[in-house]
Amino acid sequence: MKNEQKENSCSQWGQVGTSPLHISGFDHVTGRSQFIDDIPKPRNLLQLKILPSPLAHGKIVRINTEKAKALPGVAAIFTAQDIPGENQIGGIIQDEVCLAEGHVHFVGEPVAIVAAESLEEAEAALGQIELVLEEETPVLTVRDAIAKNQYVGPIRKIERGDVEAVFADCPHYLEGVIRNEGQEHFYLETQSVLAVPEDSGGVTLYSSSQNPNEVQRMAANVLGVLQNQVTVDIKRLGGGFGGKESQATAWACIAALAAFHTGRPAELRLTRDEDMLCTGKRHAFESDYRVAFNEEGKILAYSVELNSNCGAVADVSTSVLERAMLHAENSYRIDNIRVIGRPCKTNLHPATAFRGFGGPQGIFAIESVIQKIAFTLKLDPYDVRMRNMYLKGDIAPYGEEILNAEHVGEIFEKLRTYSKWDERKKNIAVFNAKNKYYKKGIGITPVKFGISFTAAHLNQGSAMILIYLDGSISVTHGAIEMGQEVNTKIAQIAATNFGVPLSYVRIESNNTKRVANTSPTAASSGCDLNGHAVENASIKIMKRLRELTSRLFPDMEVVFENGFVYKAAKGSVDYEEPLITFKDLVKKAYFERIDLCDHGFYASPGIHFDRDKGQGHPFLYYVFGAAVSEVTVDLLTGRTSLDSAHIIHDCGSSINPRVDVGQVQGAFAQGVGWVTTEELVYNEKGRLLSSSPATYKIPTIGDIPEELHIELLEGSLNEQGIKRSKAIGEPPFVYGESVYFAIVDALCSLGTYPEGLSIPATPEKIWLEIRRSTNAGRNE
Amino acid sequence: MKKTIHFFLNGNLKEVQVKAETTVLELLRNKLELNGIKEGCGEGDCGACTVVIGEVREGRVHYKSVTGCLYLAAKLEGKHLITIEGLAEKGKLHPIQEAILSSHATQCGFCTPGVSLSILALYLERSNPTKEEFRRYLEGNLCRCTGYDSIRKVPEYLKELSVCSENLRPSFLEATEEQQLGFIQEDVFVDDGTFAYYSPVSEEHLIEFLSTHKELTGGNNLRYINGGSDVLVGIKKRNQHYRLLLDISRITSLQQISYQDKPQEAKALILGGGVSLSRVIDSTRESFSELSATVQRMCSEQVRSSATVAGNIVNASPVADTVPLLMAVDAVLTLQGQEGERSVPLRNFFHGYKQTENKPEEWIASICVPLGEYNFINFEKVSKRKEVDIAAVNSAIALKIEEGIINRAEVACGGVGATTLYLPKTSRYLEGKEMKEETFLGAFEVINTEATPIGDVRGSAQYRSAVMQNLLLKHYLAYERSQEVDGYEE
């Protein structure tokens, strides 16, 4: 028994810094994990279908539901006029209706809801609703929106130094346009919600949302009830990636409305096609830049106008644009810089949060510019980047000191060796000289990513911990589990703080009745904010338990580990004779009438940002990293193959290194998809044509190179992060851009810079650049 | 004739009533309340609803992965359906599940049941799979969280668990296999008055049925299926229903792969109309490696395991991948109907967009593929994504090269017209010319006179035109490469 205890104490029991298995892993691999559609169906369940707008812009002349209502199995049909509260679900700016009223503003905008006994009957009824629209000309591009002065929010600026003065007199100057298209989230679980009516006109919503608080607020708003009447309960999402931060709200409100009116439970689950057609995506950007630089490639002045295509309503677009602006300089110190952001309003589905949240777009612009500088000066893109890199103590254009800025240069240097940059470049030159129809290229992308919501008030987390008499611990926290394993990490934090094995800790669903007013699980902040809140709750309970142990074991220093309380002296623990088990201690505490439950709260300190001035301290700390990718481009088809990738990433002192590596791998793959194969194709009327996985291509297992190496930066301790860790979710997404720059490098070997190559660099777009380059060659 | 379906579900015999169009996904989730299977897309493109099917063929039970959304429940007759619920036994995880956990290959968990079952199908059929085989079986399972590296490492963890292939067989397999081998196959017929499904066990039964059920088979009421993957996408997503789905997949005579190898006669490969694409990959690797390689680039293993070359042809998609290759080598189809059979060269089979020589009541009994007439055959395909993607343009060539001169040339191209096009002018142009790069560059203008592509979501007209030309050159480059490889071997 004693030996066993000793062994346990020395081994890993799930504490912070180790890599225990996925806390829901058993349920996942056995198929028992419940997603929304797997929740046992309540009796009398209604199935919902939405009637989406077929047009991108139009006036509603008539909606006639009489014929559809008369069909068998149809319980009710709702339109905007059936909304008892306010027809308004805009989270930041109140410009978004739940159901279309007067006009439709994008293809897929919900116009009516059918509630029926079965999906088949609901579908049949959809076809019988008469919707008469008067078509209006849609605005689809940022240029058209700018021409019409059509924005979803104010135009913002961040400025330092005097760019115009430098442009007027500089050794080298370039200007141009950088474009990226959007990206579909393609979470595997489509938008889903189950609404169950409750006493006194209330409703419980089981929603696949990253943002229970917003779902609660907006559902209450739409129903015209107090927020305490709406309960939102969320166990897990089948992927979110930002696509369910604000875009799950509409569906939840629609289901709430149906349950409210009929008094029956109602389920709405979008089909993949409906989901892709109706819901928002990553923002497309079209950015105009001007840059001045010297012979060495050092940037003297940089001006960029970031124009984002926000779609029909504001959604979180103003915040996305803000983050793009705050990342416009990426890892480079630029003394003269002007960043302008225009949130353009168009008639596409509302663009929304997507991993990186504007950061990747802002970074893409400056990385493109620096790649062009290197090409222009015939310098190694690595060297040009290194010459501009932030150094310790440097200040960002918005006035904040970049904490630990030296990490990015350090990583860049390490990556040069780790990826064998120089050797690869040599081999590529040899290969390209030999091969007429294939060209290889190599790309490198550094990342400096600011951590915190730029809306300062959102930087708060909350948690509730309950300890039961058998020592088992129930933790509710404000984050949503969507595959990022925030639950595993938070369970590790609780297990560490209470000194119990991970198996004692159960992470509960996020429920608005246990944690209130939570921030969305977004901005990579879920674990930081709510982990801190769990830490604070556990500190409060532990303080009481330690008071008890000090009474039970007077004048003794004790440690809590792996379910036991041990005697400790001068840093060494006596594992031979545990003083008491955690379970027995908890029981004693109960009989002593000590509170075994508590709430925890956390607010990130010192965050502020003045949007009008473009100045402040928006980030608590920064995440750094860099990636190198190598590709081969087939000049005859434009097809690319990704041959290798090397990444060094700084995640502080990782809470769970395997989880963090998994996050880097997953984010990288998403980034690769964004820059290569994932193409949103719209027709001239603003309807998405690539609205299913048959035409929209996210990476498969064959798209990830065998040679993929990821290293976490050693020795990085982040005093600002929970347990000295760093946020992980979004920053590694940017590594995908190294693949784009590898493609650019390969095409540059043809002698011209591929000016027109936007993200995604599809085979066809690459081929167009090859043709342009070949024609340019002929003309010479 | 059975009106209910008898099958084994994770080792237990079940009898269920289903409708003609009910899928395995619907059966499991809606009727049997087994929620481990997930719906991610409903069109076979994501693999979240992957399940394993065990079926008897040639005296042994074979296992394959299918997507439950594109596999009709009525097809389950006599088969063994293995779902994620069957994997862990007596509360103990299956080694594949343990390996997935250890490899941290599950994040949000939505794709995990499908991934687990794809891996199971692989290991049940191939004891020591290569990396390529692993990729082949998993490329149809989309995962948006992990980036696949951890999934790719599952076999390493399986090795670490030191399990042999035998341990990966769920315990109920042996007893079920015995029952399956003794299962007496009968025709299945379900009809709710709106939609019907009929699955005969022999051609005689099929012909008999056709003559006795005129009300179901006339006009465009009838649609033959084998895997049914493409037809089901039409049914579920585009409301393209048929009065009768006639499933020929259980007719053993259509399942043959044979060779015509008599002296005096031309050598040929005869593919039965019901032979799945997966079987084509495995069984033509030696005899017609180019066909094997071509098929490997089509759809996913879950679809290939039931879909057929015949289906690929008869769907008449202008971007069908097997068609250019089979056209180039001048394959001949045997169409069978009540009145007997007739032969139609594939080059004459297509009349227009989705229009074929095939009459509604006819089925493709076999495809005769001439062998040995050419010494260089090649297929090229361009799509956005390397795997599990439909071509923007595809192209095939068959050449007989003697002493550096192209004596015979046959070229066919897809995605450049309303049907796959056999290109006689380009073919004739190449003949008599030297096997060198300039010859193929010279054919660029000729091919332009034979095909005028249009643009769509997969590629613009100008891109398709250019690629169509460039693929000619790629055929030549593939030849050059093949010569180099030969050089190394010497």
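This is a predicted model: local features need pLDDT of at least 70, side-chain atom pairs count only at pLDDT 80 or more; totals for chains, interfaces and linings use all residues.

Helix 11 of chain A is mostly covered, with 16 of its 19 residues buried; I call a residue buried if 20 or more other C-beta atoms lie within 10 Å of its own, exposed if 12 or fewer and partly exposed in between, with C-beta atoms placed from the backbone. This helix takes in residues 359-377 and reaches 27 Å from its first C-alpha to its last, close to the 27 Å expected at 1.5 Å a residue.

Residues are numbered from 1 along each chain as its sequence is written, while chains are lettered from A and ligands numbered from 1 in the order in which they are written. Helices (H or I, at least four residues) and strands (E, at least two) are DSSP runs, numbered from the N terminus.

Next, strand 3 of chain A. Four of the five residues in this strand (74-78) are buried, so I note it as largely enclosed by the rest of the structure. It pairs with strand 5 (residues 110-116) of chain A in the antiparallel sense over four bridges; strands pair if DSSP finds at least two bridges between them. Ile77(A) has Val114(A) in strand 5 of chain A as its bridge partner.

Then a sheet in chain A. I find four strands in an open sheet, order 19-18-17-25, with mixed pairing. Strand 19 (505-507) and strand 25 (597-603) of chain A each have a single partner strand, so one side of each is left without a neighbour in the sheet. The twist averages 20° from one strand to the next. Strand 17 (residues 460-467) and strand 18 (residues 473-477) of chain A run antiparallel and are joined by five bridges. Met464(A) sits opposite Thr476(A) of strand 18.

What packs on this sheet? Helix 16 (residues 526-552) of chain A does, touching strand 17, strand 18 and strand 25 of chain A. (Contact: C-beta atoms, placed from the backbone, within 7 Å.) The direction of helix 16 makes about 40° with that of strand 17 of chain A.

I followed helix 16 of chain A to helix 17 (residues 582-591) of chain A: they pack at about 95°, axes 10 Å apart. Axes are lines fitted to C-alpha atoms, for helices over the stretch in contact, and angles run from 0 to 180 degrees between N-to-C directions. The two helices are therefore roughly perpendicular (65 to 115 degrees). Leu545(A), Leu548(A) and Thr549(A) in helix 16 meet Leu585(A), Lys588(A) and Ala589(A) in helix 17.

Over in chain B, an open sheet of five strands has the order 10-11-16-12-13 and antiparallel pairing. Its edge strands are strand 10 (257-260) and strand 13 (340-345) of chain B. Strand 12 (residues 332-337) and strand 13 of chain B share six bridges, and Val332(B) partners Pro345(B).

Last, the contact between chains. 54 residues of chain A touch 57 residues of chain B. Helix 18 of chain A gives the largest share of chain A's side, six residues.

Conventions. Two residues are in contact if their C-beta atoms, placed from the backbone, lie within 7 Å. Angles under 35 degrees count as roughly parallel, over 145 as roughly antiparallel, 65 to 115 as roughly perpendicular and the rest as oblique. The expected span of a helix is 1.5 Å times one less than its number of residues.
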